[in-house]
Amino acid sequence: MGYIAIIDYGAGNLMSVHNTLDYLGYDNRIASTPETIRQAAGVVLPGVGAFPDAMQALEHSGLIEAVLEAARQKPFLGICLGMQLLFDESDEVRPTKGLGLLPGRIERIRTSLKLPQIGWNALHIERANALTQGVQEGDYVYFVHSFAACPARAEDLSCTTDYGIQVPAMVARDNLFGCQFHPEKSGPVGLTMIKNFAKLTEVKV
């Protein structure tokens, strides 16, 4: 039947994701060992806080090899900081290498508006993907961030939001997805995306 693994590296908002998957009825497990990740049907990489701290925690967890393997083989979703970790590097606090799964870098949002961006903002769908099925142009989702991804490949950018400038909100390539917003905190729209992700994993309700 399978399960969805939520990676626990000591620096993520994993319980909100776990509670949402429980609410929707999808079998899921907090994954703190490589084996739990490797046996999962799909994987979620959550994250809150600063990029360098998260990468350090991920390295110390001993999970990076399993994370990279999973991201290349099965449905994989990075949320908030977890999305940012998918990229090559970040400028937050100090230059820090990321997982290198998607080309590009993380930079502070260059806007005249207040940072961090906290609250609901509209999604603009640039390129539809499996997770945006049932999501409408202009639907609102919940953000909390000061830094954002700058994808090197335009085709990786799926959704944007307007925060004084165009801010990347979602990326997608093959089995790999990233949401800068929190789908688990974004009401019915976010639940639709999580259900779409679960469908890709074929984990049954």
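Colleague: In what order do the 8 strands of the open sheet lie, and what is their pairing?

Modeller: Please note first that this is a predicted model. In general, the strands of a sheet pair through backbone hydrogen bonds, in either a parallel or an antiparallel manner. Here the order is S2-S1-S3-S4-S14-S13-S12-S9, and the pairing is mixed. At the edges stand strand S2 (28–31) and S9, each of which pairs on one side only.

Colleague: How many bridges join S1 to S2?

Modeller: There are 4 bridges between S1 and S2, and these two strands run parallel. As an example, Ile4 has Asn28 in S2 as its bridge partner. Helix H1 (residues 14–24) packs on this sheet, where it touches S1, S2, S3 and S4. The direction of H1 makes about 165° with that of S1.

Colleague: Which residues have the most contacts inside the largest nonpolar core?

Modeller: They are Ile7, Tyr9, Ile37, Phe76, Leu85 and Leu99, in a core of 35 residues. Two or more residues of this core come from each of S1, S3, helix H3 (51–61), H4, helix H5 (81–84), strand S7 (102–108) and strand S11 (147–151). Apart from this core lies another, of 29 residues, including Val17, Leu24, Cys159 and Ala198.

Colleague: With which residues is Leu85 in contact, leaving aside its neighbours within four places in sequence?

Modeller: Leu85 is in contact with Tyr9, Leu45, Phe51, Ala54, Met55, Gly98, Leu99 and Gly100.

Colleague: Is Asn129 buried or exposed?

Modeller: Asn129 counts as buried because its relative accessible area is 12%, and the cut-off for burial is under 20%. This residue lies in the loop between strand S9 (124–125) and strand S10 (140–145).

Colleague: What does the side chain of Asn129 reach at 2.7 Å?

Modeller: At that distance it reaches the backbone nitrogen of Leu131. The side chains of Asn129 and Ser158 are also joined, by a polar contact of 2.6 Å. Beyond its neighbours within four places in sequence, Asn129 is in contact with Ser158, Met170, Ala172 and Phe177.

Definitions and conventions
Residues numbered from 1 in each chain as written. Predicted model: local features only at pLDDT ≥ 70, side-chain atom pairs only at ≥ 80, totals over all residues. Heavy atoms only, no water. Buried < 20%, exposed > 50% of the residue type's maximum accessible area, 1.4 Å probe, protein only. Polar contact = N/O pair within 3.5 Å; in protein donor to acceptor, adjacent residues only side chain to side chain. Contact = heavy atoms within 4.5 Å. Core = buried A, V, L, I, M, F, W, Y, C linked by side-chain atoms within 4.5 Å. Pairing = 2+ DSSP bridges. Axes fitted to C-alpha atoms, helices over the stretch in contact; angles between N-to-C directions.
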